[in-house]
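Trainee: I would like to learn how to read helix packing, nonpolar cores and chain interfaces from a set of coordinates. Could we go through them one at a time?

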Amino acid sequence: MAQKLIASNLSYALNKKSLLKDISLEFEGGRLHGILGPNGAGKSTLLKLISGIWKPTQGSVSWNGTALLDKERQAISRIISLVPQHPQPSFDFLVEDVVAMGRYAYDRSYWNAAEAPMVHQALTTVDAWHLRRRCVNQLSYGERQRVYIARALVTESPILLLDEPTASLDIQHQLEIWQLLEQFVKNGKIVIVTTHDLAIAERYCHHVAVLHHGQCVGNGNFNSLMTPNLLQEVFGVVEKPMTSSKNYTLSL
Amino acid sequence: MISLYNTQKKRSFLKLNIIISVLLVVCSVFTLLLGDTPWQLVWQDVLKRFDGTALPWNPLLDERIPRLIVIICTGASLAVAGAVMQALFQNPLASPNVLGISCGGGLLVVLVFVLEWHLEYPFAIPIAAFTGSLLTLLFVYSLSRSGGKVQLNTLILTGIAVSSLLFAIQAAIMYALRDRWMLIQTLTEWEAGSTVDRDWKHVHMQLPLTLVGLYGCWFYRSEIDILALGEEEAKNLGVEVEKVRWRLFLCVALLIGGAIASVGMIAFFGLVLPHLVRYVQGPANHHLIPLCILVGSASFTAMDLLLRMLEIHALSIGNISAILGGVAFLVLMRGSRRFLHMGGRR
Amino acid sequence: MSNILKVYAFVALFVIGWWTLAFKQKSSNDPSPTLISLAEVSNQEPKPSVAPPLINVKREQLKLALAGDLALMAQLIVEWDINAQILQQTGLSSVKRLPAHELLRSQILKRHLFTTAPDELNIIKQNHRLKSLTDDAGNTITLDKTFQRYLPQTYISASFLLALVPTDEIVALPRCLREHEQLYPKDLTAQIPLDIDRYNAEKLFQAQPEIAFVAHYSHPATIQALLNQGVILYTMKNPTSIEDISAELLQMGHIINRPFEAELLKIFIDAAMLALDNHLLTLTRPLITTHTPIPQLLFLNHHQNFSIPTPRTISGQLLARMGDLDISLAYVETHQQSQEWMMPIDKEQIINLDPDYLIIAAEATQALNKEIRQNMGLKQLKAVRNNHLYFVDESIQHSPTQYIVLAYFDLIQCMAGLQ
């Protein structure tokens, strides 16, 4: 049976201002879900609510039929892992230390040598093993993103949330990340990604939800969802964007 | 390859521990040996304790040992409190002094002196120090929160503002009592920090607070590591942020309260020591916390020993710590900006 | 949740339990501490060591004289000189006497002040008064008129004025001075309601002082305000010796047109110090004749920690007058590194010195006495075991005024137990 994450009637308000209102979405395992919307639509807020980092003012999140946010923090972290948008630690942690922190959900003494094989595997998967003894703050944005994805892998969580993982990356690195995410999806994970790039979303996302002013204005298949009216209303564009991925290939 | 590197890391940590431990032991031994009474007489009297013919008071057992315990506790407390605050607030400039916590504890202790409660109730001083430290910490934290999270870019300013306010209140009290010059003299001597004439009374004031505080910080050292990435990140990785943060606040208040109660105000120590340790060992708190305990106690012991050997009376250990700490901080800043990511921005 | 409460409860019990056990008042088996009050000490009649009986120095008399009782001053000067002569006749060496011309001068001044007609006295004073003098800031003050309204900005000037002039000539007093009722009775200071305070600047101006006695450390803005108001300023020297106190006293005497009164007070101070020196001599002489070792006296100040005054301070100079009795200055000499005023000393060093007499100048004397008698090391001191632990008034010990004589008296009287 496919694993399912269900967000029901999620709402969030801060200082009497409603940031998200009544969001209900379902995310299934083995699929790559995209959350689209302009700046300030509430995409990052939604991810933080789903992962339990912020407490919703209303609504609930369930995982395979059980309430997720009622669990202990470590239990939630074993299920959901969030890759933040602009991670910038204030201290010079080493890459391998940052990645190893992902094992905190299983063992408070995350630095134990026993964890090292998993760290190796995760860093190798994202092609960042050669960076392991460097300080995270000295890496480029793309390298840092890969390191944080490795950390998410180390948590072994079935759900991965990524907040604009490819913003500010060049095309090559963007495609590398997306292909990696496709691989995770093939391995049965639920991957939920927020993005601005409609072309990339069209190519890689099996399912998209569009947020506008904190509300979900539609969810489903990209092509059926992206009508000219929606494009105009939400994104302020009148033409359907051409798919550009056919013009790009990865050099292996 | 993986295990070799981890082994190398472990060896380097162990080596550093050994070096610092040796320094601590050497300084401690000299601290116990140094004094007005010739060592032979002291030792003879210690041996007489076993057959009940000793004098009731022995310089080693009743003065030098408790003083050494106080010095070790203070050095460890300040260094660990600084490391924890820098991690909790994700700011390398966070320290008990910068965030006004020491001022808060100091203010309540000044009130205890003014009201002369300490004459009747000696433990009024550590209670006042702990309470003042905790209340100030909570106050600074709540002021720097906005939109449900700590605004790091305003945290230091908030701390400086609170510190200035508390200092102004203390200055107002001292000004109002300026005619009581004997009280002013007492307060001036206390504020300068001193390890002179520390006996078992001071040990009892400080040690329970230090033990609980250090144990708490050591127990949560992995959480401190993760909290250094930010509160949201820490939650993401499974840390019960509110609970852990509150407990660490209590631990920091206990450590600072104990240090203020027994020695007085020691500036800059909590700011600089963690940086020095990070410079050598890296920022990972699961190593940083135990090392800060060792390095803090060793360096404070060494500083006190230096003052005693050189018989410097004009300056207190608080003055020396502030001057050396300030210079060390400037050197660190000038030497390498890497170690002081200002606000973590590049 | 309950587990967490248990943890918090355990931690709280651990800390509170530790403190309860540690600070539990141990019932002392020692007899209740006999803190010898100065009143008791001052009323003790030291047994005369020689016949015929000497006129003893009494504290209350000293205080009255220092407060301005000129007749008493003159009387005591003569009595003490007779004492000194008697001591010399008994063969006691090193007896000190006032120089003959000073003794004579004191009696001449007394006759002027008490028998000369007021108008004639004024003329004599005017002729005797300096025409001008220079203050410690190098300013020359012309004394071409008789001032009648004084503003003492400093403690020392207020103390002199209260002794030498009527209260209606004093515009205001330093607030701290009023707290020392043991020297300045409330009914005296209450006659001068104004305080020297920056917030009273207008009231002080309305009181129209003619001359203000200031110090180098007076607030610059205050000094400027006084100058702007046309008040003459006399900058007093910060006295660091009895000679300095006397010199400032004489200067002030000329300024306030009481040169004779000031001179008599100055001679009285000198005579009193010499009388106290002789009193100390009578206490120690039997020890010398019986070849008994001279006891050792240690004098300490206490604020947060203990310290010893160095010879730079007036306290230190008083200790130096006590000669071989005092071991405080010998300790200072061996440990002093620079020009310190106070030399810190810790408990171990005090215990090693183990003085026979311990005099402490402190504020919270009851609490300190209790702490000393409960401290395992300090309670074993000879001074404590033999009840030679004394507490003296710190404000008098550090008073740079004519009452420094009382400070010396207090030190000497602590040694009354020598016999």
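Trainee: At what angle do α4(A) and helix α5 of chain A pack, and how far apart are their axes?

Mentor: Bear in mind that this is a predicted model. In it, α4(A) and helix α5 (residues 141-154) of chain A pack with their axes 8 Å apart, at an angle of about 135 degrees. An angle over 145 degrees would count as roughly antiparallel, and α4(A) and α5(A) are therefore oblique to each other. As for handedness, α4(A) passes α5(A) in a right-handed crossing.

Trainee: Which residues make the contact, and how do they divide into nonpolar, polar and charged?

Mentor: From α4(A) come A:M118, A:V119, A:A122, A:L123 and A:T125, while α5(A) contributes A:A150, A:L153 and A:V154. The residues of this contact of α4(A) with α5(A) divide into 7 nonpolar, 1 polar and no charged.

Trainee: Turning to cores, which residues touch the most other members of the largest nonpolar core?

Mentor: The largest nonpolar core has 175 residues, of which B:V80, B:V84 and B:C292 touch the most other members. Helix α3 (residues 59-88) of chain B gives the largest share of this core, 16 residues. If residues up to four places away in sequence are not counted, B:V84 touches B:C217, B:I224, B:L248 and B:V252; B:V252 is also one of the α12(B) residues in the contact with α6(B).

Trainee: What can be said about chain C as a whole, and how much of it is buried?

Mentor: Its secondary structure comes to 20 helices and 10 strands, and of the 419 residues of chain C, 39% count as buried. Among contacts in chain C with a separation of 6 or more, 66% are between residues 24 or more positions apart.

Trainee: How many residues of chain A and of chain C are in contact with chain B?

Mentor: The size of an interface is often given as the accessible area lost when the parts come together. Here we can count residues instead. In the pairing of chain A with chain B, 29 residues of chain A are in contact with 29 residues of chain B. On the side of chain A, α2 (73-79) and α4 (116-125) each supply at least two residues, and the residues of that side divide into 16 nonpolar, 9 polar and 4 charged.

For chain C, 32 residues are in contact with 29 residues of chain B. The elements of chain C that give two or more residues to this side are α1 (2-23), α8 (175-179), β8 (342-344) and α16 (347-353), with the largest share, 7 residues, coming from α1(C). The residues of the side of chain C that touches chain B divide into 14 nonpolar, 10 polar and 8 charged.

Key: Residues numbered from 1 in each chain as written. Chains lettered and ligands numbered in written order. Predicted model: local features only at pLDDT ≥ 70, side-chain atom pairs only at ≥ 80, totals over all residues. Contact = placed C-beta atoms within 7 Å. Helix = DSSP H or I, 4+ residues; strand = E, 2+ residues; numbered from the N terminus. Core = buried A, V, L, I, M, F, W, Y, C linked by C-beta atoms within 7 Å. Buried ≥ 20, exposed ≤ 12 C-beta atoms within 10 Å, placed from the backbone. Nonpolar A, V, L, I, M, F, W, Y, C, P; charged D, E, K, R; others polar. Axes fitted to C-alpha atoms, helices over the stretch in contact; angles between N-to-C directions. Parallel < 35°, antiparallel > 145°, perpendicular 65-115°, else oblique. Left-handed = near helix turned anticlockwise from the far one by under 90°.
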